[in-house]
Amino acid sequence: MTRSVKPARGQSNPATDKVVSRSRRSRQSWLRVLDVLQKRFKVDFVWEMHVRTGRSERDCYRWKTGKAAPDFEALDRLINSDVGDLVLLTMTRGSTQPWAVAMRRTYEIAKARVDMEAAQRRLAALEKGIIP
């Protein structure tokens, strides 16, 4: 009588030579990020992900459909791209860890400063026409 041993997640199964799928958690977590990115890239989502991560369009399409999630290297490239802030904020949403709270506050402060500078420039431009 032979006993089958179930391989650990992420390890190959010698009987089938297939990698055992990781838990569904990574795909579920990816779905939150995916939702935010699809709102950002309403057109050509697959191409945008391909350009930012260097992965094949086929891989990016699988991410879009929720059949797969990016691996660490692709996620690293995505975080280090122009949409990295969206990815990090989405991934840490709801986290009560002090570093995550501080990161979100820092982001909001920076955003408020940019808005304030734009308002000051607009106000200065409007006042030019009023004050001789």
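**Exercise 1.** At roughly what angle do the axes of helix H2 and helix H3 cross? Describe the packing of the two helices in this predicted model.

*Solution.*
1. Helix H2 covers residues 45-53 and helix H3 covers residues 57-65; their axes come within 8 Å and cross at roughly 120°.
2. Angles of 65 to 115 degrees would count as roughly perpendicular, and those over 145 as roughly antiparallel. H2 is therefore oblique to H3.
3. The crossing of H2 and H3 is right-handed.
4. On the H2 side, the contact is made by Phe 45, Val 46, Trp 47, Met 49, His 50 and Thr 53. H3 contributes Glu 57, Cys 60, Tyr 61, Trp 63 and Lys 64.
5. Sorted by class, the contact of H2 with H3 has 7 nonpolar, 2 polar and 2 charged residues.

**Exercise 2.** Which residues of the largest nonpolar core touch the most other members, and which elements give two or more residues to this core?

*Solution.*
1. The core has 15 residues, of which Trp 30, Leu 37, Phe 41, Phe 45, Met 49, Trp 63 and Leu 78 touch the most other members.
2. Two or more residues come from each of helix H1 (25-40), H2, H3 and helix H4 (72-79).
3. H1 gives the largest share, 4 residues.
4. Take Trp 30 as an example: leaving aside neighbours within four places in sequence, Trp 30 is in contact with Leu 37, Trp 63, Ala 68, Ala 69, Pro 70 and Leu 78.

**Exercise 3.** Which residues of H4 and H5 meet?

*Solution.*
1. The axes of H4 and helix H5 (residues 84-91) are 7 Å apart, at an angle of about 115°.
2. From H4, Leu 75, Leu 78 and Ile 79 meet Gly 84, Val 87, Leu 88 and Met 91 of H5.
3. The residues of this contact divide into 6 nonpolar, 1 polar and no charged.

Conventions: Residues numbered from 1 in each chain as written. Predicted model: local features only at pLDDT ≥ 70, side-chain atom pairs only at ≥ 80, totals over all residues. Heavy atoms only, no water. Axes fitted to C-alpha atoms, helices over the stretch in contact; angles between N-to-C directions. Parallel < 35°, antiparallel > 145°, perpendicular 65-115°, else oblique. Left-handed = near helix turned anticlockwise from the far one by under 90°. Contact = heavy atoms within 4.5 Å. Nonpolar A, V, L, I, M, F, W, Y, C, P; charged D, E, K, R; others polar. Core = buried A, V, L, I, M, F, W, Y, C linked by side-chain atoms within 4.5 Å. Buried < 20%, exposed > 50% of the residue type's maximum accessible area, 1.4 Å probe, protein only.
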